Each structure stands twice: as C-alpha cells, then as structure tokens.
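Thanks, everyone. I'll keep this short. Please have the model up on your screens.

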Amino acid sequence: MGYTIAQKIIKNHLLSGDMTPGSEVGLKIDQTLTQDATGTMAYLEFEAMGIDRVKTELSVAYIDHNTLQTGFENADDHRFIQSVAKKRGLRFSRPGNGICHQVHLERFGVPGKTLIGSDSHTPTGGGIGMLAMGAGGLDVAVAMGGGAYYITMPKMVRVNLHGKLNDWVAAKDIILEVLRIMSVKGGVGKIVEYGGDGVKSLSVPERATITNMGAELGATTSIFPSDEITKEFLKAQGREQDWSELKADDDAVYDEVIDIDLNTLAPLAAMPHMPDNVKSVEEIGEIKVDQVCIGSCTNSSLMDMLKVAAILKGKTVCPSVSLSIAPGSKQVLNMLALCGALSDMIDAGARILESACGPCIGMGQSPNSAGVSLRTFNRNFEGRSGTADAGIYLVSPEVAAASALTGVLTDPRKLGEAPKITMPEKFIINDNMIELPASPEDADKVEVLYGPNIKPFPKTQPLPDEIQAKAVLKVGDNITTDHIMPAGAKILPYRSNIPYLSNFCFRQCDENFAQHCKEAGSGIIIGGANYGQGSSREHAALVPLYLGIKAVVTKSFARIHCANLVNAGIIPFTFKNEADYDKISVNDELSLPDIRSAIANGTEVSLKNLTTGDSYELDYQLSERQRDILLAGGLLDYTRENS
C-alpha cells in the first residue's frame, strides 16, 4: 500500500509512535513561526525553559497582529520579541514586512518540510507542499528547543478537483464549497489532501488560500502536491533550489474521498456567523453592503491584489461603502506600487492599510452598528470584527471588489469579461526587513528587554488527588476561542498580561464570568460540540488556568484547543453519553474523586454531581505522555522535569 503526501512527510519526520490513525506520533519539526499576539507568551515560555539557542533549521518571529500602537504595550512586546529573536537564533520579521503566512510562503516555505506556528492558519504552507500545522505557543516553544511535536495520527481525506474554474470563480469559492460539504467540524482528526487534474490549473497563492481556510474545517492541516507549478513559484522567488517534487503514490489509500467539479462552481459567500454557512452569491441576493475589507492571510497575495486593482481601475467605490485593502507583504505592496496597480486602487477610493492582519483580527476597521461587511478573510465569528451586531460575509476578492463598486452584494460575472492575471516570472526580492540573529559568539551581549505589561506565566501546580468545584459556565456547540478569549484592538495589547486579560474571558457568554471564577476560587466548564474551534491562541487555556478552571467537560473538542488545555494542566473530558450534558446546570457542585489516581493509571472517570446526586461517565482521549503532563501540572512543568 502506498503513501499519501502527508504520510510521506510524517514518515520522514517520525520520532516516536506509529502511523496508525488515532495513535499519538511525535514529529521532528524543521521550521517554526510565531506572530506577536501569541509570540510574546511563546517566548516567555521558551525563556523559562532555559535553552540558549533554537534548535530548528529555521524559526521566524513575525510582527503582524498588534501593529496598532495606541499605547506602549504593543511596542514593548515587539521590542521583547525582537531581543529574544536576536539572542536565541531566530529571524525577526519587522512590522511592515507583512503577514506571517504570506511572507513565509514567499521567502521560507520548503516542500516536504514540517512547520508549526503559533497561529491556526499556519496550514497556509500546505499550498507549497509543507506539512504545516497550527499549534499552541508552548508547543512551538518546545519545538524550538528541539523537542518533538505530538499529534494524534490523522485520517486522510482526498479532495479531487476536476476541470477548471470558470471566469470570476476563485480559489476562495473552492474552499467555501469544501466547507459547505464538510462543515466546521468535519475535518477534526483529518488531513485534507488535494489532487486531481484540476490542481494543475491553480497557482501556489490560490492553493495557499485553500489550505489556509482548511483551519476552518477543524482539520489537522491541508496540503497540495509539490509540482511544476510549485517549482515556477519558487523560481520566481529566487528559491528554485528549495523545490522538490512531492506527490501521493498511485496506490495510496484514503479514508474519505470528495470529488468537486470546478466547472460547476459559482461565486460563493459564507454568511454570518460561521465559515460553513455557505450559499451562492446569486442565492443570497443583492443585499446592501456598508463595508468591504480585502486582505488577510487568506487573500492578500499579489495575484489577489492585481485582480482587485483591475476591477477597480477607472471606477469609483460606491459612496455608501468603505473599502479598505491590505496587501499581504512588503513584496506585494512594492510590486503593486511599481506596476501602477496601487494607483488604480487609490484612484478608485480604496483606503490602503499597512501589510498586516488588521481588520481580520479585529484590529481596526470595525463596521458600523448592524452593518454588513464583506471580507476576503477566513473567519466571520460573531463579534470578531469589533462590532457585536455586524453581519460579516466571507467572499472572494472578485466578489468583494465588484460589490464595493455597486454597493450591494454582487455576482462578479455581471461585470463582463474577467481580467487576465498571470504570475510574474520574477518577484522583487528585498529581505531587508528580516533581521538576522546575533551569532552564537555575540548572543551573550544581547539583553532580553521586558516591558511593564509583560507578566509571568500563570502559576501551575501538580494535579491534586481530588477536584471539587462548581460548574461556573455552561455553553453550547461551536464555542470558538474568540468566545473564550476575544481579540480586537482593546484586548490584544494585553496578550502578555494574563491577569489583566482575565477580565475579558468569556465576556460574550457571561459578562461576569471572571468575577464568578474569582469568587468560587476554582471551577469546571461544561461545553457542547466542537468546543474551542478557531484560533490556536493558548490564552484561551492560560486565562482559564489563571481563573482556577480545573477541567472542561464537553461533547467534543477542537484539536488545538484540546492540546492547549492539556499543556495548561486543565483536563479535557468528553461525555460518554452526550445526553448527560443536559443534566448539569450552572452552579451545580461537581466532584472528580481520586482523579490523580485515575489519570495516572488511565482508568475510568466519573463526574459526580453533588447538587443532584447524579453521576456521569467521562472519556479522555489522552496519551500516556499527555497524562504525565497533567500530573505534572502542565507542559512547562513536565518539560522542566524531563529536560
């Protein structure tokens, strides 16, 4: 039996375990990346490990999230990250150089290599044939120190793309169609691998759009083959030597196969408030649009931007629409400026933003109250834009640009002939905004610079013999990390200050959650299905840790968040009988007797409801290593004990 693309990379990087789906495997990590909203904590954790120098082939620290500097906090975090990078052997991508995933694809991605990043959209690298996965900051810190990255061996899904996209239909429509088919939890425990004759019609940026939004499926990652198209892209980036061919064996076996006829796809949109709430633009109709935002790590490539510029050229944005455009990298912005496309955007009335995440992470450009905002981004969770009652629609750059001109949601096929955009034979290469680290000989001279907003990692303690705590919160299905630990311009600057950040935890679900936890002293959270989907932010585990949360009991978990809970020393349980979820109420007194013994020995666990007298059987899908992490009080303590 042959191997899939992902299985080949896993096999070549396997440090422990076997490749049986459902079992834990430890992987050697070649590259890591961080961004500043999660990076400060990741580097605090790396410093706490006491390792002098990163041990990966390449690690890059990017500044792209917290670039709105309304106080000293973000600038202090950037200075801290820059100093750690210089001292510990990382490259540092300065503010303005671009979004981590766009820059990494352009300058550092290598087919067949492993990459983990403290951002859930790290699978963007799958567009170039990398096994690229989002992870919690502590997992990234361990990998930088030379440790393995552990995942549950995924099942393999093959998505066969047949034919070719029609004019005005985009790669964004392909991934929206996959989301419509699989749903936001359909990819959990799976790697999505793309193949079929339609693959050869897609450029690397188009492939990266698709793998980027694979994160919204809950998938471990997504990946394309590395072929002649990949080689051409790397050659244009001056990196032809990094190319190698990578494809699935003809007799590779997949657990699931999905076929999509590209010829039949139409422009699509994900409606509020989930990326899988997908309908055709035609079906939704010409709803009034207040705002259009083009950019993000999903759709900010040069190809995307050139299409937008061609649509806007010689026209004027509708007076009732605010249009903002954020090119994904300095390279993209510079090439737009030199070819005149940037001028076409500006002449049409677009507001040009810096090359950063910006509105996608709620960092500015919040729409008007009850407004409709079309965005080329990857997530449209309720409140993520910064406006609680806004309706966010996820669309392609073509739909976004067309709608900005008309003022209503517009099928771009109505515009007539589509612009013909080709990839350049050579990109402009200027890496002057990527700072190299100090040499090992000079590293001792570099001082790590801390700011007053940077607070220590929350205190942890070994797992106690017994847990007794109230159910301090009960939530439904598809709770995102944005629900748990919101983003946005008012909150993101405090990502390195867990005590202050705790005031905002679960505020969207219960505005008094933090106060309830502080009064109770400890707590247990009850959740529905797909709990913790969305961002890789470990703050959604670290803040509950700080607030005394001991366990989370749900119908099911999203992969990264479940791992982050374990890393924080919080036990993730699922109900054996999902109907038991309905039997627990907020403020019920709950007990996990002899829990340390049960976790240590891998035996069955029952949750006792001391208020009602009921008892519920729980599952915990944890490896022996993860159980040891919980016993130690979290991954940081476990790593110290075993280093």
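First, a reminder. This is a predicted model. Every value I quote is computed from it.

Let's start with the aromatics. How many aromatic pairs are there? The count comes to nine. Take Phe506 and Phe513, one of these pairs. Their ring centres are 5.0 Å apart.

Now a second pair, Phe575 and Tyr581. Here the centres are 6.5 Å apart, and the planes are at 85°. That is edge-to-face as well. Phe575 has a relative accessible area of 4%. Tyr581 comes in at 12%. The cut-off for buried is under 20%, so Phe575 counts as buried. By that cut-off Tyr581 is therefore buried too.

Stay with Tyr581. Which lysines lie over its face? Lys474 does, at 4.3 Å from the ring centre. Lys555 lies over the face of Tyr581 as well, at 4.6 Å from the ring centre. So the Tyr581 ring has Phe575 as an edge-to-face partner, with Lys474 and Lys555 over its face.

One more aromatic group before we move on. Tyr494, Tyr500 and Phe504 form one cluster.

Next, the sheet. It is open, with three strands in the order β1-β2-β8. The pairing is antiparallel. Which strands sit at the edges? They are β1, residues 14-16, and β8, residues 149-152. Each of them pairs on one side only. From one strand to the next, the twist averages 45°.

Look at β2 against β8. Strand β2 covers residues 24-27. Four bridges join β2 to β8, and the two run antiparallel. For a landmark, find Gly26: its bridge partner in β8 is Tyr150.

Last, helix α18. It spans residues 559-568. Why call it largely enclosed by the rest of the structure? Because seven of its 10 residues are buried. Those are Ile560, His561, Asn564, Leu565, Val566, Asn567 and Ala568. Follow the chain just past α18 and you reach Gly569. Gly569 takes a positive phi, about 85°.

That's my tour. Happy to take questions.

Methods
Residues numbered from 1 in each chain as written. Predicted model: local features only at pLDDT ≥ 70, side-chain atom pairs only at ≥ 80, totals over all residues. Heavy atoms only, no water. Phe/Tyr/Trp six-rings, centres within 6.5 Å; stacked < 30°, edge-to-face > 60°. Buried < 20%, exposed > 50% of the residue type's maximum accessible area, 1.4 Å probe, protein only. Lys NZ or Arg CZ within 6 Å of the ring centre and 35° of its normal. Pairing = 2+ DSSP bridges. Axes fitted to C-alpha atoms, helices over the stretch in contact; angles between N-to-C directions.
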